[in-house]
Amino acid sequence: MSQWACVSATNLSYQANLINTQNPQTTPRYDALSFHGSEIVARNFGFLSSQATTSIGKRLRKGALPLKVVCVDYPRPELDNTVNFLEAALLSSSFRSSSRPAKPLKVVIAGAGLAGLSTAKYLADAGHKPILLEARDVLGGKIAAWKDKDGDWYETGLHIFFGAYPNIQNLFGELGIDDRLQWKEHSMIFAMPNKPGEFSRFDFPEVLPAPLNGIWAILKNNEMLTWPEKVKFAIGLVPAILGGQAYVEAQDGLTVKEWMTKQGIPDRVTTEVFIAMSKALNFINPDELSMQCILIALNRFLQEKHGSKMAFLDGSPPERLCQPIVDHIQSLGGEVRLNSRLQKIDLNNDGTVKSFVLQNNSVIEADAYVSAAPVDIFKLLVPENWKEIPYFKKLDKLVGVPVINVHIWFDRKLKNTYDHLLFSRSPLLSVYADMSVTCKEYYNPNQSMLELVFAPAEEWISRSDAEIIDATLKELAKLFPDEIAADQSKAKILKYHVVKTPRSVYKTIPDCEPCRPLQRSPLEGFYLTGDYTKQKYLASMEGAVLSGKLCAQAIVQDYELLVARGQKRLAEAGAR
């Protein structure tokens, strides 16, 4: 397992200091450290002893020597023996080990996001011939990214890979690119709005198994929740722990706020923790989000020791993740075509799919057809004859949520940050990270690039980029009070990019679960894939990859039917 180390700053001024969330009064100051937590990282990896850090701190306070900050990624956690990982691995292996088809199916898939890429990958593994069509000139769908004129990347979203993503983790292993994930320390770090510039941490100890490590992390944090609040929250979670998945799914009809009230959990628990968590999971607030979404995340995080551990991709998703999938598909005889937008689904007299008609009027016929487009786009493509079929009619309730991703390049290295994902707890922002620290390809020792998720974005999606940046700066001034001012009298903006997605992942509001379709449609030869389709990980990268596997599985299972359907079609054509 590779570990990556870099010097993140040199000759630092004496401003930033570490905080100890357990006992801030007894924490020594390391005046020249630029990132909160760097001393902890160095000590954990044996770079500094406790005595050494104390002596360095003393020397710096005398003004003798600057300190170089070392940021080190953590080794890949032990995920391969978890039940969910093994289950995902078994599903992956079923495609590779299946008997080779006498006549490979030609399957056309519209949409090269993670769901479409996953569907094509596993169909190719099973010996079939996918043709993957992407409307745009970039791979990835909701994880797409672009290079600007300076060669800098800007992305659709700030993407985090959790240990509780077994299908994603298997996919990286199958492609031989495990080393492209940069694992961070096992912590969740929240900004403190009432203490501008300070943070509160939930640290998960490596020595404890799940769920004890998560319980310990919660109990040790006394800044965000009081002991009575922790106890009431724990009691409220007992039914979810005892009831398992059946209980979790039954909570789909309640919002987070309603569920908290029903369980007698104080409002402050929602304010302190679950506003940030709701915005991170689905870009909306707890008074809208279905409690099922929160419980699924908590279930994964508490049941798996490394479930909540986070990793960043070491570069842009199209190049570092999507392209290896494309290479794999093509190596097995599949095709991937960019700039190939699906315009119309043409039907046979019996209502089944006859062909996909592209925007350039080219026509593609196949043995099976898959829509891997986001649900809002697919609803625009649904043929008139299908609209009253319950399978498609139910999709009306699934609506994408707007989200804005903001990238700001500053003229200096910001110090009040971590080599990690941070929960802003801002009314306008969700999570953010200094990508010049967390990501290899974006690394810069002299200047910071903050990537921030602006959410909820419903009221902002139509506003100008300048308005969004102005509002973002005002929030950043609270997170970096010594370094950023709304009027740019401190850190100066060198450039920015604002990426708006008017309809992103489906909005996980109450009573959506029954509307999510299975991957196999009621019409022979037509399938759906996407994070909105039925799978247990909801709207996420993991959900998209799993939906692709389930879609590929359905097609493989329908092999005999699809072959017979194709033969019938040829016979009818010959008789005419």
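With a relative accessibility of 13%, Ser540 counts as buried (buried is under 20% relative accessible area, exposed is over 50% and partly exposed is in between, using a 1.4 Å probe and protein chains only). The model you are looking at is predicted, so local features need pLDDT of at least 70 and side-chain atom pairs count only at pLDDT 80 or more, while totals for chains, interfaces and linings use all residues. Residues are numbered from 1 along each chain as its sequence is written, and side-chain values use heavy atoms, with hydrogens and water left out.

You will find Ser540 in the loop between strand 22 (526-528) and helix 16. Helices (H or I, at least four residues) and strands (E, at least two) are DSSP runs, numbered from the N terminus. The side chain of Ser540 reaches the backbone oxygen of Tyr537 at 3.0 Å; a polar contact here is a pair of N or O atoms within 3.5 Å, where within protein one must be able to donate a hydrogen and the other to accept it, and residues adjacent in sequence count only if both atoms are side-chain atoms. Setting aside neighbours within four places in sequence, Ser540 is in contact with Tyr165 and Asp531 (contact means heavy atoms within 4.5 Å).

## The chain as a whole

Stepping back, the chain holds 17 helices and 22 strands. Of its 576 residues, 58% are buried. Among contacts in the chain with a separation of 6 or more, 71% are between residues 24 or more positions apart.

Axes are lines fitted to C-alpha atoms, for helices over the stretch in contact, and angles run from 0 to 180 degrees between N-to-C directions. Angles under 35 degrees count as roughly parallel, over 145 as roughly antiparallel, 65 to 115 as roughly perpendicular and the rest as oblique.

On the helix 5 side, Pro166, Asn167, Ile168 and Leu171 meet Met541, Glu542, Val545, Leu546 and Lys549 of helix 16. The residues of this contact divide into six nonpolar, one polar and two charged (Ala, Val, Leu, Ile, Met, Phe, Trp, Tyr, Cys and Pro count as nonpolar, Asp, Glu, Lys and Arg as charged, and the others, Gly among them, as polar). Helix 5 is largely enclosed by the rest of the structure, because eight of its ten residues are buried. Those eight are Pro166, Asn167, Ile168, Gln169, Asn170, Leu171, Phe172 and Leu175. Gly176 follows helix 5 and has a positive phi, near 70 degrees.

## Helix 9 against helix 10

Helix 9 (residues 267-282) and helix 10 (residues 291-303) pack at an angle of about 95 degrees, with axes 10 Å apart. The two are therefore roughly perpendicular to each other. Helix 9 contributes Phe274, Met277, Ser278 and Leu281 to the contact, and helix 10 contributes Cys293, Ile294, Ala297, Leu298 and Phe301. Here the residues divide into eight nonpolar, one polar and no charged.

## Aromatic pairs

How many aromatic pairs are there? The count comes to 18, where rings of Phe, Tyr and Trp (its six-membered ring) pair if their centres lie within 6.5 Å, and planes under 30 degrees apart count as stacked, over 60 as edge-to-face and the rest as tilted. Phe161 and Phe172 have ring centres 5.6 Å apart and planes at 80 degrees, so this pair is edge-to-face. Phe161 belongs to strand 7 (residues 161-162) and Phe172 to helix 5, eleven residues apart. Both are buried: Phe161 has 2% relative accessibility, and Phe172 has 0%.

Phe199 and Tyr418 are also edge-to-face, at 5.4 Å centre to centre and 85 degrees between the planes. This pair links distant parts of the chain, 219 residues apart, with Phe199 in strand 10 (residues 199-203) and Tyr418 in the loop between strand 17 (403-410) and strand 18. Both residues are buried. Elsewhere, ring pairs link Phe378, Trp386, Tyr391, Phe392 and Phe526 into a cluster.

Arg425 is in the loop between strand 18 (422-423) and strand 19 (429-434), and at 15% relative accessibility it counts as buried. A polar atom of the Arg425 side chain lies 2.9 Å from the backbone oxygen of Ala191. Beyond its neighbours within four places in sequence, Arg425 has contacts including Phe190, Met224, Glu272 and Ser430.

Pro209 sits in the loop between strand 10 and helix 6 (212-220), and is partly exposed, with a relative accessible area of 44%. Pro209 and Glu304 are 95 residues apart in sequence and 8.1 Å apart in space, C-alpha to C-alpha.
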